[in-house]
Amino acid sequence: MDFLKDKIKPIYFKYLGAAFGSALISSIYGVVDMAMVGQYQGPEGTAALAVVSPVWNIIYSLGLLMGIGGSVMFSTLRGKSEKNRKKSNEYFTAALIGVSILAVLTWLCVIFFDDELLRLFGAEETLLPLAKEYLFPVKFVVPSFLFTQLMAAFLRNDGEPQLATKAVLTGGIFNVFGDWFFVFALDMGIMGAGLATAMGSVFSLIIMLTHFAGKKNTIRLEKPEKLFSMLKTISVTGFSTFFIDVAMGILTMLFNRQILRYLGTDALSVYGIIINISTFVQCCAYSIGQASQPIISTNYGAGKGERIKETLKYAVGTAVVFGVIWTALAEGVPNLFVRIFMTPTEEILRIAPSIIRRYGLSFLLLPLNIFSTYYFQAVMKPAISFIVSVGRGAVISGIFILALPALAGGDAIWFSMPLTELIVAVYVVIMMVRCTGRLRTEKRSSGL
């Protein structure tokens, strides 16, 4: 498909389908782990995986930093001119070098500082052994998780979103089967869930690498002329997407500590369920951003503002639909999620509905806010994207998480994210209208 000439609607929905499948299956890794471990080991297993969750956020976010940042530059350059193909491939090589360095550093941290990381994220003496058991098999394949994020981003921008989806789908299906087989059939418990996740990631990466042997591949290794300058540009461009996942880890750490302080372990178990619901909602938002980013970046490079506006119309409409669906589910059937993710006690069934309903109000605006970071990146407005991601992911949310329980009691913490998403959404709409209105006058003002 030609991003610059073909009709926007079929391109967008084709890419949305592929990106949605890829993002949704990616979320299955953690969700199936949580469900299987919760059924096998009860609320303690769910709470232990809530502690591990920030580790995943860090690992995935580092892959996205190079993947999204590099692929935005890749598409924008090609949209400007086919003569930029060599330079666009230099950005791919730079992103590959960058993610390799980050993979090694992350690998060393997970291997040698797992106790410290897990304690930082809220593990106490009863949860630490379970969290370490889960993480043990993952230690052997940490780099594969970063490389899958990088490859998925470049495959979408190189015209093969279906291969990215196929790869992630294969890994996800293996993870589902592997969880049951290792956790229950082999009676490995929580360690079996970690093993299934590790193996699924490796299978996904192997399938993605077949792109380089295919006829559609236009990616080549080209020696970057200015490596450090390119890495800086990639990092600035990809930072907001990177920070979304880092922020989820930060928020989980803050929530874990505040929940244990004010509400106890049962509430933390319910929060573990919320993490998984929120993961699905975020994946829907990611799919909108991943579907629209290649189209917007390429047309921005070519100065075709009307095509960007049309893509934005479909993307915002999709965000509204996803937001309404997930909010309705959280408000209407909260205990359905509880029964999916654990074997609940009577106390869990008593407290969970009000917790999930309060937090679930945030799902209405979450897809729009996360999509906006992709949009602002694609039209080369990284500063606005930075404000959105840091505001919702750390500053505004952090203030509410720390202040609300102290001022209004422990249960007030569940309103932290709905209030955060509302404030951020007001800013997003204002800046989106402003940036979109300027597209015609900024036809080719961006220098690369």
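Student: Is Ser292 buried or exposed?

Tutor: This is a predicted model, where local features need pLDDT of at least 70, side-chain atom pairs count only at pLDDT 80 or more, and totals for chains, interfaces and linings use all residues. Residues are numbered from 1 along each chain as its sequence is written, and side-chain values use heavy atoms, with hydrogens and water left out. Buried means under 20% relative accessible area, exposed over 50%, and partly exposed in between (1.4 Å probe, protein chains only). Ser292 has 1% relative accessibility, so Ser292 counts as buried.

Student: Which residues does Ser292 touch, not counting those up to four places away in sequence?

Tutor: Ser292 sits in helix α10, residues 265-302 (helices are DSSP runs of H or I with at least four residues, strands are runs of E with at least two, both numbered from the N terminus). Contact means heavy atoms within 4.5 Å. With that cut-off, the partners of Ser292 are Tyr12, Thr311, Ala315 and Phe371.

Student: What is the radius of gyration of the protein chain, and why does it agree with a compact globule?

Tutor: The radius is taken over C-alpha atoms, and the globule rule is 2.2 Å times the number of residues to the power 0.38. For 448 residues a compact globule would come out near 22 Å, so the chain agrees with its value of 21 Å.

Student: At roughly what angle do the axes of α12 and α13 cross?

Tutor: Axes are lines fitted to C-alpha atoms, for helices over the stretch in contact, and angles run from 0 to 180 degrees between N-to-C directions. Helix α12 covers residues 334-341 and helix α13 covers residues 346-360. Their axes come within 8 Å and cross at roughly 120°.

Student: Which residues in α13 do Pro334, Asn335, Val338 and Arg339 meet?

Tutor: Those four residues belong to α12. On the α13 side, they meet Ile348, Leu349, Ala352, Pro353, Ile356 and Arg357.
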